[in-house]
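Welcome, and thanks for taking a look at this one. Please have the sequence and the 3D view at hand while you read.

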Amino acid sequence: MVVISYSPLSFTYILGIDTSCDDTSVGLVTATGEILSNVVASQLIEHAPFGGVVPEIAARSHLKALPCVTEQALSPLNGDWRRLSAIAVTCGPGLVGSLLAGLSYAKGLSLSLAKPLLAVNHLEAHIGSALLSADCPQLPLVALLVSGGHTSLALVQEEGEYLHLGGTRDDACGEAFDKVAKYLGLAYPGGPVIERVAEGSGERVEFPRPMSDSADLDFSYSGLKTAVVNYVHKLSPQERERELPAIACGFQESALGVLIIKLEKALRETGAKGFVVVGGVAVNRRLRELARNLAEELGVSYHIPPADLCTDNGVMVAASARHKLERGELAELDLAVYPNLELGQAPEPGFFSR
Ligand code: KG4
Ligand code: ZN
């Protein structure tokens with residue numbers, strides 16, 4: 001039996017590993033939240049020909065990339081990996097094979113270095129990427145999480161304490177960007193490409209903003225996607241090419257507009273005086289502009305992390321694990337992966353996969 005001991009006062013360096021989807025991400029942070037490294041190996045080139053992530057390819061690529069990415073992320077320790085205080089790893093939600101690759105590697109490190117293992121919820125880690133900054137508004141705040149897999153609104157009462165306010169009923173916002181881009185013949189991932197094409201447009205096609213009038217804080221993106229498909233379907237190839245920027249711009253305005261409408265509603269309903277926007281879609285410059293306008297209009301404070309902390313990364317995993325280490329919430333070596341883990345949901349030990 002391996003006995004892993006630690007002292008809350010002596011910890012300094014936390015390694016964070018995220019392999020929930022198609023980025024092999026490892027980061028190193030200190031107990032005070034200082035970022036020492038943030039290394040990401042992207043699998044974009046491997047998935048691009050398929051227009052989306054192929055789970056089998058993703059899992060195999062993580063296995064290949066993890067040793068090298070981890071070595072780079074640990075370079076600030078000058079080869080002395082034993083100076084690490086703990087290893088934090090995403091255990092869900094995500095693709096089962098991808099999650100298993102990261103978790104198995106993290107368990108190996110934990111066992112061989114005799115350092116504690118910490119289990120992190122990927123959605124909470126995205127929110128943690130904003131809480132890490134000195135510019136983050138005071139709690140309680142509203143968090144808007146917009147990525148390829150999730151679109152959620154939550155009230156963050158304390159770090160680790162979340163009240164679910166709303167979520168998507170079908171596609172996630174980033175997923176809608178990716179699907180619409182694919183339909184328009186644009187590259188994967190669709191978000192950055194649609195943003196670029198839309199920026200060059202002087203006009204825009206008006207598309208609906210689904211569920212913007214509904215009383216709840218939920219989202220729906222499949223109707224918007226269908227509206228784009230139906231519009232494009234009626235165009236000749238020449239019209240399609242000519243109108244592409246206006247279509248991209250119209251789609252982007254509708255997709256992001258709904259986010260802002262619901263965010264405003266969440267702020268009014270909760271009375272929170274600040275918000276954060278996190279996840280891959282938060283890289284979008286138009287969304288950042290709309291968020292700034294909303295904050296000014298309502299007189300609330302807000303924070304959106306820099307682009308490299310919005311997309312999947314290991315820093316957010318390490319950062320969110322800090323309070324777990326402080327509280328002694330260590331994971332066991334029989335920790336499972338949880339592909340459908342929800343915000344605020346803790347993993348239960350003892351199962352291979354749930
Ligand atoms: O957080 P993330 O890296 O991975 C997930 O956990 O899903 O988010 C990836 C998603 C993709 O759907 C991508 O198209 C979208 O974020 N994205 C963007 C932009 N950059 C990435 N969406 C809109 N505008 C962008 N600039
Ligand atoms: Zn993510």
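A residue counts as buried under 20% relative accessible area, exposed over 50%, and partly exposed in between. With a relative accessible area of 36%, Gly 108 is therefore partly exposed. Bear in mind that this is a predicted model.

Where does Gly 108 lie? Gly 108 belongs to helix H3, which covers residues 96-113. In sequence, 225 residues separate Gly 108 from Leu 333, while in space the two are 9.3 Å apart, C-alpha to C-alpha.

Now for the chain as a whole. It contains eleven helices and ten strands. Its radius of gyration is 21 Å, close to the 20 Å that the globule rule gives for 354 residues, so the chain is as compact as a globular protein of that length.

| Property of the chain | Value |
|---|---|
| Span of the C-alpha trace along its principal axes | about 65 × 45 × 35 Å |
| Accessible surface | about 15,200 Å² |
| Share of that surface belonging to carbon and sulfur atoms | 53% |
| Share of the 354 residues that count as buried | 54% |

Methods: Residues are numbered from 1 along each chain as its sequence is written. Chains are lettered from A and ligands numbered from 1 in the order in which they are written. This is a predicted model: local features need pLDDT of at least 70, side-chain atom pairs count only at pLDDT 80 or more; totals for chains, interfaces and linings use all residues. Side-chain values use heavy atoms; hydrogens and water are left out. Helices (H or I, at least four residues) and strands (E, at least two) are DSSP runs, numbered from the N terminus. The radius of gyration is taken over C-alpha atoms; the globule rule is 2.2 Å times the number of residues to the power 0.38. Buried means under 20% relative accessible area, exposed over 50%, partly exposed in between (1.4 Å probe, protein chains only). Accessible areas come from the Shrake-Rupley method with a 1.4 Å probe; for residues, only the protein chains shown count as cover.
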